[in-house]
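Open the model in your viewer and keep the sequence panel beside it. This tour moves from selection to selection.

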Amino acid sequence: MTSFNLTPSNPSTLILMGIPGLEAAHVLISIPFSMFYIIGLLGNFTVLFVVGKEKSLHKPTYLLLCMLALTDIGMSTSVMPKALCIFWFNLKGITVGGCLTQMFFLHAVSVMHSTILVTMAFDRYVAICNPLRYTTILTNARIAKLGLVGLIRAVVFILPVPLLLSGQPFCANHIILHMHCDHMAVAKMSCGDITFNRLYGLVIAFVVIGLDLTLIALSYGLVIKAVFRISHKKAHKKALNTCTAHICVILTSYTPLLFSSFTQELGQGIATHVHTILANLYVIIPPMLNPIIYGVKTKELRDKVVKCICRM
């Protein structure tokens with residue numbers, strides 16, 4: 001295939017193959033990918049614009065929504081521009097430094113995204129279980145501090161990943177069977193021992209995803225317990241409706257992430273193109289769906305969006 005002729009003589013350059021086995025369909029595959037990316041950007045920038053413009057939305061819940069929108073933009077943008085260059089122009093080369101930088105930003109933003117989902121679950125817990133103390137427990141300043149803690153956590157957990165790989169010797173062909181610099185896709189290209197890299201990836205997956213999902217489950221367990229103490233069915237429905245959007249976002253975020261993480265780490269018999277597609281669903285589907293979910297399910301935000309559109 002002509003793509004293998006693009007292997008550079010410069011040893012500091014790597015080759016991203018896109019979706020291995022489906023190279024002939026790259027242009028067709030790019031159509032839904034580019035549409036999902038553009039819809040995600042429009043939706044998330046709309047959320048940021050509306051919340052920033054409307055002072056009545058300067059509340060903890062909407063500040064968290066803005067943080068989620070920023071991570072969605074960062075996650076998809078760290079992958080999709082390069083992926084579209086591969087699909088449209090066959091520009092597969094990337095420097096080792098560029099590859100490790102992309103890997104760091106993608107995984108760090110993913111960890112940050114997970115942290116925000118945990119904080120949003122805590123926000124729902126306080127709103128339902130301690131409504132009278134909500135404004136004193138969750139202030140805008142405290143949300144900003146929690147966001148900073150989440151950022152530090154992401155950097156501390158993910159920074160060792162590119163640092164460990166930077167010391168690995170890469171094989172002569174320099175070909176990455178992926179459309180972005182995923183941790184294990186790059187690690188498998190190494191000629192050295194990647195046992196520690198593999199173990200570190202698994203530990204981070206279990207610590208971040210396992211701990212965050214446990215905290216989310218605990219928050220919603222307490223929410224459900226509090227809801228069933230309410231005697232009126234109408235109050236039941238109203239309380240649960242406030243959690244619906246967040247639960248939908250959790251499902252759209254963690255489902256492809258779990259499939260992608262564990263098929264990369266443990267799915268030795270799964271075809272390479274399946275690994276690649278699953279990994280990229282995580283970076284384009286949640287960023288596209290999250291602003292739509294919150295726009296549909298959150299009346300106050302929906303009304304403000306409509307108001308801004310009417311003004312324009």
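**Before you start**

This is a predicted model: local features need pLDDT of at least 70, side-chain atom pairs count only at pLDDT 80 or more, and totals for chains, interfaces and linings use all residues. Residues are numbered from 1 along each chain as its sequence is written, and side-chain values use heavy atoms, with hydrogens and water left out.

**Colour by confidence**

Colour by pLDDT, the predictor's confidence in each residue, from 0 to 100. The protein averages 87. A score of at least 70 is reached by 92% of the residues. Now select residues 1-9: pLDDT stays under 50 there. The model has 13 contacts for this stretch beyond four places in sequence; contact means heavy atoms within 4.5 Å.

**The sheet**

Helices (H or I, at least four residues) and strands (E, at least two) are DSSP runs, numbered from the N terminus. Select the 3 strands of the open sheet: their order is 2-1-3, with mixed pairing. Two strands pair if DSSP finds at least two bridges between them. Strand 2 (93-95) and strand 3 (175-176) are the edges, each pairing on one side only. Strand 1 (residues 13-16) runs parallel to strand 3, joined by 2 bridges. Pick Leu 16: its bridge partner in strand 3 is Ile 176.

Axes are lines fitted to C-alpha atoms, for helices over the stretch in contact, and angles run from 0 to 180 degrees between N-to-C directions.

**Helix 4 and helix 6**

Keep helix 4 (residues 96-129) and show helix 6 (residues 140-158). Their axes come within 8 Å and cross at roughly 140 degrees. The two helices are therefore oblique to each other. (Angles under 35 degrees count as roughly parallel, over 145 as roughly antiparallel, 65 to 115 as roughly perpendicular and the rest as oblique.) The helix 4 side of the contact includes Phe 104, Val 111 and Thr 119. The contact residues divide into 10 nonpolar, 5 polar and 1 charged. Ala, Val, Leu, Ile, Met, Phe, Trp, Tyr, Cys and Pro count as nonpolar, Asp, Glu, Lys and Arg as charged, and the others, Gly among them, as polar.

**Helix 1 and helix 2**

Move to helix 1 (residues 26-53) and helix 2 (residues 60-77). Their axes come within 9 Å and cross at roughly 150 degrees. Helix 1 and helix 2 are therefore roughly antiparallel. Contact residues include Tyr 37 and Phe 45 of helix 1, and Leu 65 and Ile 73 of helix 2. By class, 12 are nonpolar, 3 polar and 1 charged.

**Helix 11 and helix 12**

Last, select helix 11 (residues 272-297) and helix 12 (residues 299-311). They pack at about 100 degrees, axes 5 Å apart. That makes helix 11 roughly perpendicular to helix 12. Tyr 294, Gly 295, Val 296 and Lys 297 meet Lys 299, Leu 301 and Arg 302.
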